Structure formats: C-alpha cells, structure tokens
Amino acid sequence: MLAAVLERFGAPLVWREVPALAPEPHEVVLAVRACGIDGTDLKLMEGFGYEPELPFVPGHEIAGVVDSVGADVDDLEPGTKAIVYNFETCGVCALCRVGRTQLCQNMGSVMGVLKAQGGMAEYVKVSARQVVPVSAALAWVDAATCCDAGLTAHHAVDRAALQAGETALVVGAGGVGSFVVQLVSRAGARAIVAELGEAKQSWAREMGAVAVLDGAAPSWSADLQAVGAGDGVDCVLDIVGTRTTMRAGLAALRPGGRMVLVGYTPDDLQAAGKNLAQRELQILGTRAGTRRDLEAAASLLADGSLHSIVTRTFPMEHVNLALALLRSGQANGRIVLLAPGTNA
C-alpha cells in the first residue's frame with residue numbers, strides 16, 4: 001500500500017510503498033477515505049511535542065470504511081463508515097472510569113502521533129475500541145475533521161462551562177477555532193474572535209462571530225470597549241497558546257472570568273499571581289476530547305447543527321503541498337487530504 005512517510009525530522013514526507021496491513025485479533029483495518037491535517041502534524045514533523053520512532057506515517061483525523069476485522073471483533077463489519085478516536089486507552093484506570101479517556105494513565109498510543117502509524121495512507125490499522133461508526137449522511141471530509149478539530153472544540157467549550165448571555169473571546173479561528181465559534185453560539189453566548197488579516201476575520205464572521213478584533217494588537221481592551229464588552233469577557237478560549245496571546249487574553253477577562261488554554265507552543269506561559277488572586281481568574285487546560293466528544297461532534301455535523309469547516313482538499317500524494325499551505329498561515333478552516341480514488 002502507499003503512505004506518506006516521515007523519514008527524518010525537519011524533512012518533507014515521502015509518498016511511497018509500505019507493507020500491507022493485516023489486523024490482529026482485536027484490531028480493524030480501515031480503508032482510508034480522508035485525513036485532515038493541522039498544526040500537530042507540523043509540530044510532529046519537526047520533532048516538537050511528540051517524537052515517534054521513525055519511519056512514521058502521520059495523520060490523526062481519519063475517516064474511512066472498515067476493510068477487515070480481527071478474529072475477536074464481533075461488533076464491526078466490513079463496509080461500516082467510521083472515524084477513529086485517537087487515543088488507545090486502558091479503560092480501567094481512575095480517569096478512564098469517569099470518562100476522561102484522553103487523560104488515561106496507561107495510554108497505549110496516539111493515532112498518527114505516537115506508537116500508532118496514522119492515516120496519511122491508503123489503509124490504517126487501529127484497535128476496534130477506537131473505531132466510531134458514523135452516519136452515511138456525513139461527508140468524508142467532515143467526518144475526518146471530527147477526529148481532532150471537532151472533538152477538541154467540543155471538549156474545550158464544555159470545559160468553558162458557558163452560560164446563555166455570556167461573552168467569549170476566541171483567540172484564533174482556524175480549524176479548532178472555527179468549530180469553537182459555532183459551539184459558543186450554540187451555547188447561547190456571544191462569540192468575539194481575535195484573528196489576523198481580513199480573510200481570516202471574514203471567515204470568523206461566517207462561522208458566527210458577532211465581532212472580530214485585530215489578533216496582532218498587543219491589547220484587546222480598547223477594541224472590546226468598542227464592541228460592548230468594556231468590562232471584559234466572561235471567558236477566553238485561546239486556540240493559539242503563545243505568551244503574547246495569554247497575556248492579552250488574561251487582560252481581556254472581567255473579574256471572575258476564566259481562560260481555557262487549547263493551543264500550545266514552545267512558549268513558557270506566564271501569569272501574575274496577584275492578578276489571578278485578586279481578580280479571581282481561572283486558567284483551565286484542555287486536552288483533545290473524550291470519545292463522547294467525538295461522537296457528539298460527528299452527530300452535530302451530520303444533522304447540520306455544525307457547518308463544515310473544510311475549505312481546501314488535496315490528493316493525499318500531494319501532502320507536502322497541503323502542509324506548505326497550512327504552514328503559510330493562509331488557509332482558512334481545515335485542509336483535508338483525500339485518499340486515492342476518493343471524492344469529498
């Protein structure tokens with residue numbers, strides 16, 4: 001089979017033949033139809049965050065069709081349309097038992113990121129427990145985006161605990177941010193977006209932002225005053241995660257407000273203890289999402305409650321062109337790779 005292979009950190013992927021896959025008793029082989037790309041792929045290729053053993057096939061936003069199943073798999077059958085939950089979890093640790101599966105204390109692998117070869121390939125092999133059947137009504141490209149952008153956004157907004165009538169500032173309306181803006185609106189809150197450039201700002205409005213701020217501004221306080229949030233916002237969802245965005249985001253919060261950190265960079269993030277204590281601010285981390293978040297995102301996309309965030313597709317063999325566009329920062333929403341012979 002063909003796959004896009006990372007052979008050396010800092011180098012382009014190589015589209016080449018790799019060994020065919022056969023499922024172990026507890027596994028499923030999916031024929032890949034679509035695979036989304038995002039900043040995690042760029043970080044992985046540079047060896048930042050995760051460092052898989054090379055050679056390695058990336059790709060963690062995977063949609064496809066069950067091609068074959070292992071001998072012990074009795075709840076999935078060939079032909080099933082499905083997506084992949086990225087985390088191979090134990091199911092028995094304290095965190096798994098309360099549904100916080102993305103924090104599993106005995107994590108086995110992370111699909112397309114660590115220890116599990118990913119979906120930038122014609123086929124992918126995965127534990128049957130990670131396979132999530134989806135509606136036939138869900139387009140391949142949208143199904144793929146559920147696996148990271150969708151479940152991450154759903155979990156982040158759940159962590160934010162937004163109430164109807166509140167105002168949230170979303171920092172960055174790329175793939176995850178595009179879904180976050182929509183989910184903030186579904187929660188009955190006002191979504192304000194901080195973004196760079198007219199094209200991305202216009203895209204944020206399409207997603208439902210009631211106002212857009214200049215993402216490059218060192219402070220958003222004056223702009224918030226102009227859009228009726230002069231006392232600060234109730235919540236900041238920072239999809240970018242730099243020292244600059246954290247500083248500006250904390251300054252944008254009203255007393256008692258909360259910040260949800262979604263994105264991360266190599267930056268050490270800093271916050272003044274006096275500011276946090278005297279204004280009773282909260283800083284919440286959020287990692288990806290649970291299987292329930294994935295199922296919810298897929299359901300919302302399938303029934304039209306969420307709109308597609310896919311703006312560009314590339315044949316999978318042109319993955320390096322797609323990654324270059326992503327790296328340039330010029331793409332809105334999500335870019336998705338289509339496996340050979342697949343239409344969106």
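**Pockets and a helix contact**

Biologist: What kinds of residues make up the lining of the largest pocket?
Modeller: The lining divides into 21 nonpolar, 18 polar and 7 charged residues, where Ala, Val, Leu, Ile, Met, Phe, Trp, Tyr, Cys and Pro count as nonpolar, Asp, Glu, Lys and Arg as charged, and the others, Gly among them, as polar. This is a predicted model, with local features needing pLDDT of at least 70 and side-chain atom pairs 80 or more, while totals for chains, interfaces and linings use all residues. Numbering starts from 1 along each chain as its sequence is written, and side-chain values use heavy atoms, without hydrogens and water.

Biologist: Which residues lie nearest the centre of the largest pocket?
Modeller: Of the 46 residues that line the largest pocket, G39, K43, I239, V240 and G263 lie nearest its centre (a pocket is an open set of points on a 1 Å grid over the protein atoms alone, where a 1.4 Å probe fits, with protein on both sides within 12 Å along at least five of seven lines; lining residues have an atom within 4 Å of a point).

Biologist: And which elements give two or more residues to that lining?
Modeller: They are the helices α1 (39-46), α3 (140-160) and α4 (175-186), together with the strands β12 (190-195) and β18 (334-338), taken as DSSP runs of H or I over at least four residues for helices and E over at least two for strands.

Biologist: What about the second largest pocket, which residues are closest to its centre?
Modeller: The closest are L21, K115, A116, Q117 and K125, out of 27 lining residues, and β9 (123-127) gives the largest share of that lining, 5 residues.
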